[in-house]
Amino acid sequence: MAISSSLLLNMSLTANVSTSTLSSSSPSLSLPWNFLRTRHGSSNVRFSTPCSCLSSSSSPPQFGPTSPDPMNTRQPHLSSMASFGLSMHENGKQPFRWRRVLLKVSGEALAGDHAQNIDPKVTMAIASEVAAVTRLGIEVAIVVGGGNIFRGASWAGISGLDRSSADYIGMLATVMNSIFLQATMESIGIPTRVQTAFRMSEVAEPYIRRRAVRHLEKGRVVIFAAGTGNPFFSTDTAAALRCAEINAEVVLKATNVDGVYDDDPRLNPNAHLLDTLTYNEVTTKDLSVMDMTAITLCQENNIPVVVFNLSKPGNISKAIKGERVGTLIGSTWSSLVETA
(Lines give C-alpha, C1' and ligand atoms only; values in the text may rest on other atoms or scores of the structure.)
Protein backbone atom coordinates (compact mmCIF):
# COMPACT_ATOMS: atom_id res chain seq x y z
CA MET A 1 0.00 0.00 0.00
CA ALA A 2 1.38 3.43 -0.91
CA ILE A 3 2.24 5.86 1.90
CA SER A 4 1.33 9.48 1.51
CA SER A 5 3.95 12.25 1.58
CA SER A 6 2.38 13.83 4.69
CA LEU A 7 2.67 10.56 6.63
CA LEU A 8 6.34 10.28 5.77
CA LEU A 9 6.96 13.87 6.86
CA ASN A 10 5.24 13.28 10.20
CA MET A 11 7.32 10.19 10.86
CA SER A 12 10.55 12.06 10.12
CA LEU A 13 9.59 14.91 12.44
CA THR A 14 8.77 12.44 15.19
CA ALA A 15 12.20 10.84 14.83
CA ASN A 16 14.00 14.20 15.21
CA VAL A 17 14.01 14.18 18.98
CA SER A 18 16.06 16.69 20.95
CA THR A 19 18.87 15.25 23.05
CA SER A 20 17.64 17.17 26.06
CA THR A 21 14.76 14.74 26.39
CA LEU A 22 17.11 11.79 26.83
CA SER A 23 18.06 10.93 30.34
CA SER A 24 21.82 10.91 31.02
CA SER A 25 21.32 8.12 33.52
CA SER A 26 20.12 5.74 30.80
CA PRO A 27 23.02 5.37 28.37
CA SER A 28 21.67 2.12 27.04
CA LEU A 29 18.25 3.58 26.23
CA SER A 30 16.66 1.71 23.34
CA LEU A 31 15.43 3.95 20.54
CA PRO A 32 12.55 2.30 18.69
CA TRP A 33 12.91 4.69 15.74
CA ASN A 34 16.49 3.71 14.95
CA PHE A 35 15.63 1.45 12.13
CA LEU A 36 12.15 2.09 10.84
CA ARG A 37 11.61 0.37 7.59
CA THR A 38 8.71 0.39 5.24
CA ARG A 39 8.29 -0.63 1.70
CA HIS A 40 7.18 1.82 -1.01
CA GLY A 41 6.76 0.12 -4.23
CA SER A 42 9.99 -1.76 -5.03
CA SER A 43 12.35 0.44 -2.93
CA ASN A 44 13.13 0.31 0.82
CA VAL A 45 12.88 3.53 2.83
CA ARG A 46 15.10 3.68 6.02
CA PHE A 47 14.63 6.22 8.82
CA SER A 48 17.53 6.54 11.31
CA THR A 49 18.16 8.75 14.30
CA PRO A 50 19.55 12.13 13.23
CA CYS A 51 23.07 13.17 14.27
CA SER A 52 21.60 15.70 16.70
CA CYS A 53 20.66 12.78 18.99
CA LEU A 54 24.33 12.23 19.81
CA SER A 55 25.73 14.06 22.80
CA SER A 56 27.72 17.19 21.97
CA SER A 57 29.96 16.71 24.99
CA SER A 58 33.66 16.44 24.16
CA SER A 59 34.20 13.62 26.65
CA PRO A 60 33.10 10.12 25.71
CA PRO A 61 30.05 8.71 27.47
CA GLN A 62 30.70 6.76 30.63
CA PHE A 63 28.93 3.46 30.74
CA GLY A 64 28.96 2.56 34.41
CA PRO A 65 31.14 3.74 37.31
CA THR A 66 34.64 4.83 36.48
CA SER A 67 37.57 2.75 37.77
CA PRO A 68 41.31 2.87 37.24
CA ASP A 69 43.04 0.54 34.85
CA PRO A 70 43.10 -2.92 36.44
CA MET A 71 46.65 -3.39 35.18
CA ASN A 72 47.72 -0.37 37.22
CA THR A 73 46.00 -1.55 40.40
CA ARG A 74 47.63 -5.00 40.37
CA GLN A 75 49.92 -5.28 43.37
CA PRO A 76 52.89 -7.67 43.52
CA HIS A 77 52.40 -10.67 45.77
CA LEU A 78 54.74 -10.28 48.71
CA SER A 79 55.37 -13.38 50.77
CA SER A 80 55.79 -12.97 54.49
CA MET A 81 57.26 -15.16 57.16
CA ALA A 82 53.81 -15.37 58.71
CA SER A 83 52.71 -17.54 55.79
CA PHE A 84 55.20 -20.17 57.00
CA GLY A 85 54.03 -19.92 60.61
CA LEU A 86 57.37 -18.61 61.84
CA SER A 87 57.47 -16.44 64.92
CA MET A 88 59.86 -13.52 64.75
CA HIS A 89 62.22 -12.05 67.31
CA GLU A 90 61.94 -8.41 68.24
CA ASN A 91 64.88 -7.62 65.98
CA GLY A 92 63.01 -9.20 63.05
CA LYS A 93 65.31 -12.22 62.69
CA GLN A 94 64.16 -15.80 62.38
CA PRO A 95 64.19 -17.84 65.59
CA PHE A 96 65.80 -20.79 63.79
CA ARG A 97 69.19 -20.95 62.14
CA TRP A 98 67.91 -22.42 58.89
CA ARG A 99 64.63 -21.98 57.08
CA ARG A 100 65.06 -24.70 54.42
CA VAL A 101 67.13 -27.82 55.03
CA LEU A 102 67.95 -31.04 53.24
CA LEU A 103 68.02 -34.16 55.41
CA LYS A 104 70.08 -37.07 54.10
CA VAL A 105 69.05 -40.41 55.63
CA SER A 106 71.23 -43.40 54.86
CA GLY A 107 69.63 -46.70 53.97
CA GLU A 108 71.54 -48.50 56.73
CA ALA A 109 69.98 -46.16 59.29
CA LEU A 110 66.49 -47.17 58.15
CA ALA A 111 67.31 -50.81 58.89
CA GLY A 112 67.60 -50.12 62.61
CA ASP A 113 68.78 -53.29 64.35
CA HIS A 114 68.94 -55.02 60.94
CA ALA A 115 66.22 -57.50 61.89
CA GLN A 116 64.57 -56.52 58.61
CA ASN A 117 65.29 -54.23 55.67
CA ILE A 118 63.19 -51.35 57.04
CA ASP A 119 62.46 -50.82 60.72
CA PRO A 120 59.02 -49.15 61.14
CA LYS A 121 60.14 -47.73 64.48
CA VAL A 122 62.97 -45.85 62.78
CA THR A 123 60.75 -44.42 60.04
CA MET A 124 58.17 -43.36 62.63
CA ALA A 125 60.86 -41.66 64.72
CA ILE A 126 62.06 -39.78 61.63
CA ALA A 127 58.51 -38.82 60.67
CA SER A 128 57.65 -37.59 64.16
CA GLU A 129 60.69 -35.35 64.49
CA VAL A 130 60.36 -33.96 60.97
CA ALA A 131 56.68 -33.30 61.65
CA ALA A 132 57.57 -31.32 64.78
CA VAL A 133 59.83 -28.91 62.89
CA THR A 134 57.68 -28.56 59.76
CA ARG A 135 54.84 -27.38 61.98
CA LEU A 136 57.17 -24.62 63.14
CA GLY A 137 57.56 -23.46 59.56
CA ILE A 138 60.92 -25.00 58.62
CA GLU A 139 60.91 -26.45 55.10
CA VAL A 140 62.35 -29.97 54.94
CA ALA A 141 63.48 -31.98 51.93
CA ILE A 142 64.81 -35.53 52.31
CA VAL A 143 67.16 -37.71 50.29
CA VAL A 144 67.02 -41.41 51.19
CA GLY A 145 69.72 -43.99 50.51
CA GLY A 146 69.11 -47.60 49.55
CA GLY A 147 71.96 -49.51 51.19
CA ASN A 148 69.60 -51.40 53.48
CA ILE A 149 68.11 -53.14 50.43
CA PHE A 150 70.74 -53.06 47.69
CA ARG A 151 74.11 -51.31 47.36
CA GLY A 152 75.15 -51.13 43.74
CA ALA A 153 78.87 -50.68 44.36
CA SER A 154 78.97 -53.89 46.41
CA TRP A 155 77.17 -56.00 43.82
CA ALA A 156 78.99 -54.78 40.73
CA GLY A 157 80.86 -57.63 39.01
CA ILE A 158 78.89 -60.39 40.73
CA SER A 159 77.14 -62.81 38.34
CA GLY A 160 78.09 -60.60 35.42
CA LEU A 161 76.29 -57.55 36.84
CA ASP A 162 77.95 -54.41 35.51
CA ARG A 163 78.28 -51.27 37.61
CA SER A 164 75.66 -49.27 35.73
CA SER A 165 73.00 -51.96 36.11
CA ALA A 166 73.88 -52.42 39.77
CA ASP A 167 73.54 -48.70 40.41
CA TYR A 168 70.14 -48.61 38.72
CA ILE A 169 68.96 -51.40 41.00
CA GLY A 170 70.23 -49.38 43.95
CA MET A 171 68.21 -46.38 42.71
CA LEU A 172 65.08 -48.52 42.73
CA ALA A 173 65.88 -49.45 46.33
CA THR A 174 65.86 -45.77 47.29
CA VAL A 175 62.40 -45.44 45.73
CA MET A 176 61.14 -48.29 47.91
CA ASN A 177 62.50 -46.60 51.03
CA SER A 178 61.05 -43.24 49.97
CA ILE A 179 57.55 -44.62 49.45
CA PHE A 180 57.67 -46.35 52.84
CA LEU A 181 58.81 -43.13 54.55
CA GLN A 182 56.15 -41.12 52.72
CA ALA A 183 53.42 -43.47 53.94
CA THR A 184 54.71 -43.19 57.51
CA MET A 185 54.77 -39.39 57.41
CA GLU A 186 51.34 -39.06 55.91
CA SER A 187 49.94 -41.43 58.54
CA ILE A 188 50.65 -38.71 61.14
CA GLY A 189 49.25 -35.90 59.01
CA ILE A 190 52.33 -34.52 57.24
CA PRO A 191 51.69 -33.96 53.50
CA THR A 192 54.59 -35.53 51.62
CA ARG A 193 55.59 -35.81 47.98
CA VAL A 194 58.07 -38.27 46.47
CA GLN A 195 59.96 -37.11 43.39
CA THR A 196 62.13 -39.51 41.43
CA ALA A 197 65.11 -38.71 39.21
CA PHE A 198 63.65 -40.87 36.44
CA ARG A 199 59.99 -41.28 35.59
CA MET A 200 57.84 -43.66 37.61
CA SER A 201 54.56 -41.85 37.13
CA GLU A 202 52.42 -44.54 38.73
CA VAL A 203 54.12 -44.28 42.12
CA ALA A 204 55.77 -40.84 42.32
CA GLU A 205 56.22 -37.48 40.65
CA PRO A 206 59.13 -36.84 38.31
CA TYR A 207 61.71 -34.49 39.74
CA ILE A 208 60.97 -30.91 38.67
CA ARG A 209 62.92 -28.30 40.58
CA ARG A 210 60.30 -25.54 40.53
CA ARG A 211 57.57 -27.97 41.55
CA ALA A 212 59.69 -29.24 44.42
CA VAL A 213 60.28 -25.69 45.65
CA ARG A 214 56.56 -24.96 45.42
CA HIS A 215 55.78 -28.05 47.51
CA LEU A 216 58.20 -26.84 50.17
CA GLU A 217 56.68 -23.36 50.18
CA LYS A 218 53.27 -24.92 50.81
CA GLY A 219 54.58 -26.76 53.87
CA ARG A 220 54.94 -30.18 52.27
CA VAL A 221 57.89 -32.48 52.84
CA VAL A 222 59.59 -33.54 49.60
CA ILE A 223 61.49 -36.83 49.39
CA PHE A 224 63.97 -37.08 46.52
CA ALA A 225 64.39 -40.67 45.35
CA ALA A 226 66.50 -42.51 42.75
CA GLY A 227 69.60 -40.47 43.52
CA THR A 228 70.72 -38.28 40.64
CA GLY A 229 69.26 -40.69 38.09
CA ASN A 230 72.74 -41.57 36.85
CA PRO A 231 75.05 -44.47 37.72
CA PHE A 232 78.43 -43.92 39.39
CA PHE A 233 76.98 -41.22 41.69
CA SER A 234 76.12 -41.82 45.33
CA THR A 235 73.05 -40.59 47.19
CA ASP A 236 75.39 -38.26 49.11
CA THR A 237 76.12 -36.54 45.81
CA ALA A 238 72.36 -36.48 45.11
CA ALA A 239 71.84 -34.77 48.49
CA ALA A 240 74.44 -32.10 47.74
CA LEU A 241 73.02 -31.58 44.25
CA ARG A 242 69.39 -31.29 45.34
CA CYS A 243 70.41 -28.99 48.20
CA ALA A 244 72.06 -26.61 45.76
CA GLU A 245 69.16 -26.81 43.30
CA ILE A 246 66.39 -25.98 45.76
CA ASN A 247 68.49 -23.36 47.58
CA ALA A 248 68.51 -25.24 50.88
CA GLU A 249 70.88 -23.83 53.45
CA VAL A 250 72.46 -26.99 54.87
CA VAL A 251 72.87 -30.73 54.32
CA LEU A 252 72.02 -32.74 57.45
CA LYS A 253 73.57 -36.18 57.14
CA ALA A 254 71.93 -38.66 59.52
CA THR A 255 74.08 -41.72 60.20
CA ASN A 256 74.62 -44.45 62.79
CA VAL A 257 77.49 -42.61 64.53
CA ASP A 258 77.60 -39.44 66.60
CA GLY A 259 79.59 -37.53 64.00
CA VAL A 260 83.03 -37.55 62.39
CA TYR A 261 85.91 -39.07 64.36
CA ASP A 262 89.64 -38.74 63.85
CA ASP A 263 89.77 -42.54 63.64
CA ASP A 264 87.36 -45.43 63.31
CA PRO A 265 85.60 -45.61 66.70
CA ARG A 266 84.75 -49.26 66.16
CA LEU A 267 88.45 -50.14 65.95
CA ASN A 268 89.97 -47.45 68.15
CA PRO A 269 88.22 -46.82 71.48
CA ASN A 270 90.33 -43.67 71.93
CA ALA A 271 89.03 -42.03 68.77
CA HIS A 272 87.88 -38.45 69.33
CA LEU A 273 84.73 -36.86 68.00
CA LEU A 274 85.54 -33.80 65.92
CA ASP A 275 83.47 -30.71 66.56
CA THR A 276 84.14 -28.89 63.27
CA LEU A 277 85.99 -29.61 60.04
CA THR A 278 86.85 -27.73 56.88
CA TYR A 279 86.15 -29.12 53.44
CA ASN A 280 89.86 -29.43 52.78
CA GLU A 281 90.39 -31.46 55.96
CA VAL A 282 87.76 -33.93 54.83
CA THR A 283 89.44 -34.41 51.46
CA THR A 284 93.09 -34.38 52.56
CA LYS A 285 92.56 -36.69 55.54
CA ASP A 286 90.34 -38.96 53.44
CA LEU A 287 87.64 -39.01 56.09
CA SER A 288 84.78 -41.31 55.16
CA VAL A 289 82.04 -38.74 55.65
CA MET A 290 80.78 -38.24 52.12
CA ASP A 291 82.31 -39.08 48.77
CA MET A 292 84.64 -36.53 47.22
CA THR A 293 82.11 -35.46 44.60
CA ALA A 294 79.55 -34.55 47.26
CA ILE A 295 82.07 -32.69 49.43
CA THR A 296 83.40 -30.76 46.45
CA LEU A 297 79.89 -29.81 45.38
CA CYS A 298 79.12 -28.53 48.90
CA GLN A 299 82.37 -26.58 48.97
CA GLU A 300 81.76 -24.92 45.61
CA ASN A 301 78.26 -23.83 46.70
CA ASN A 302 79.25 -22.93 50.27
CA ILE A 303 76.85 -25.48 51.78
CA PRO A 304 77.63 -26.55 55.36
CA VAL A 305 77.20 -30.20 56.31
CA VAL A 306 76.15 -31.51 59.73
CA VAL A 307 76.87 -35.17 60.49
CA PHE A 308 74.93 -36.55 63.46
CA ASN A 309 73.51 -39.72 64.98
CA LEU A 310 70.05 -40.62 63.75
CA SER A 311 69.37 -43.19 66.46
CA LYS A 312 69.44 -40.71 69.36
CA PRO A 313 65.97 -39.30 70.05
CA GLY A 314 65.67 -35.59 69.37
CA ASN A 315 68.78 -35.32 67.22
CA ILE A 316 66.87 -34.80 63.98
CA SER A 317 64.84 -31.88 65.31
CA LYS A 318 67.94 -30.41 66.96
CA ALA A 319 69.89 -30.60 63.70
CA ILE A 320 67.05 -29.11 61.67
CA LYS A 321 66.66 -26.25 64.14
CA GLY A 322 70.40 -25.60 63.94
CA GLU A 323 71.27 -26.61 67.48
CA ARG A 324 74.75 -27.88 68.23
CA VAL A 325 74.85 -31.58 67.46
CA GLY A 326 77.38 -33.91 65.79
CA THR A 327 80.11 -32.51 63.54
CA LEU A 328 79.85 -29.36 61.44
CA ILE A 329 81.74 -29.29 58.13
CA GLY A 330 82.45 -26.12 56.20
CA SER A 331 81.68 -23.63 58.94
CA THR A 332 81.94 -23.02 62.70
CA TRP A 333 79.23 -23.10 65.31
CA SER A 334 80.09 -19.60 66.51
CA SER A 335 79.70 -18.12 63.02
CA LEU A 336 76.33 -19.82 62.64
CA VAL A 337 75.19 -18.34 65.96
CA GLU A 338 76.19 -14.88 64.79
CA THR A 339 74.21 -15.19 61.57
CA ALA A 340 71.17 -16.80 63.17
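Me: What does the secondary structure of the protein come to?

Reply: The secondary structure comes to 12 helices and 11 strands. The model is a predicted one. Of the 340 residues in the protein, 39% are buried.

Me: What makes R242 count as buried?

Reply: Buried means under 20% relative accessible area. R242 has a relative accessible area of 5%, so R242 falls under the cut-off and is called buried. The residue sits in helix α8.

Me: Which residues does R242 touch, leaving aside those up to four places away in sequence?

Reply: R242 touches L102, A197, Y207, F224, G227 and T228. Contact means heavy atoms within 4.5 Å.

Me: How far apart are R242 and A141 in sequence and in space?

Reply: They are 101 residues apart in sequence, while their C-alpha atoms are 8.9 Å apart in space. For the protein, among contacts between residues at least 6 apart in sequence, 68% join residues at least 24 apart.

Me: What is the strand order of the open sheet of nine strands?

Reply: The order is β6-β5-β7-β4-β3-β8-β10-β11-β9, and the pairing is mixed.

Me: Why are β6 and β9 said to stand at the edges?

Reply: β6 (205–206) and β9 (276–277) each have a single partner strand, so one side of each is left without a neighbour in the sheet.

Me: How much space lies in the largest pocket, and which residues lie nearest its centre?

Reply: The largest pocket holds about 1200 Å³ of space. Its lining has 44 residues, with E108, R151, D236, K253 and V289 nearest the centre.

Me: Which element gives the most to the lining of the largest pocket?

Reply: Helix α6 does, with five residues. Elements that each supply at least two residues of this lining are α3 (107–110), α5 (152–155), α6 (163–187), α8 (235–245) and β8 (251–255).

Me: How many residues of each class are in the lining of the largest pocket?

Reply: The lining has 14 nonpolar, 18 polar and 12 charged residues. Gly counts as polar here.

Conventions: Residues are numbered from 1 along each chain as its sequence is written. This is a predicted model: local features need pLDDT of at least 70, side-chain atom pairs count only at pLDDT 80 or more; totals for chains, interfaces and linings use all residues. Side-chain values use heavy atoms; hydrogens and water are left out. Two strands pair if DSSP finds at least two bridges between them. Helices (H or I, at least four residues) and strands (E, at least two) are DSSP runs, numbered from the N terminus. On a 1 Å grid over the protein atoms alone, a cavity is a set of points where a 1.4 Å probe fits but cannot get out, and a pocket is an open set with protein on both sides within 12 Å along at least five of seven lines; lining residues have an atom within 4 Å of a point. Grid points are joined across faces, edges and corners, and a volume is the space filled by probe spheres set on the points. Buried means under 20% relative accessible area, exposed over 50%, partly exposed in between (1.4 Å probe, protein chains only).
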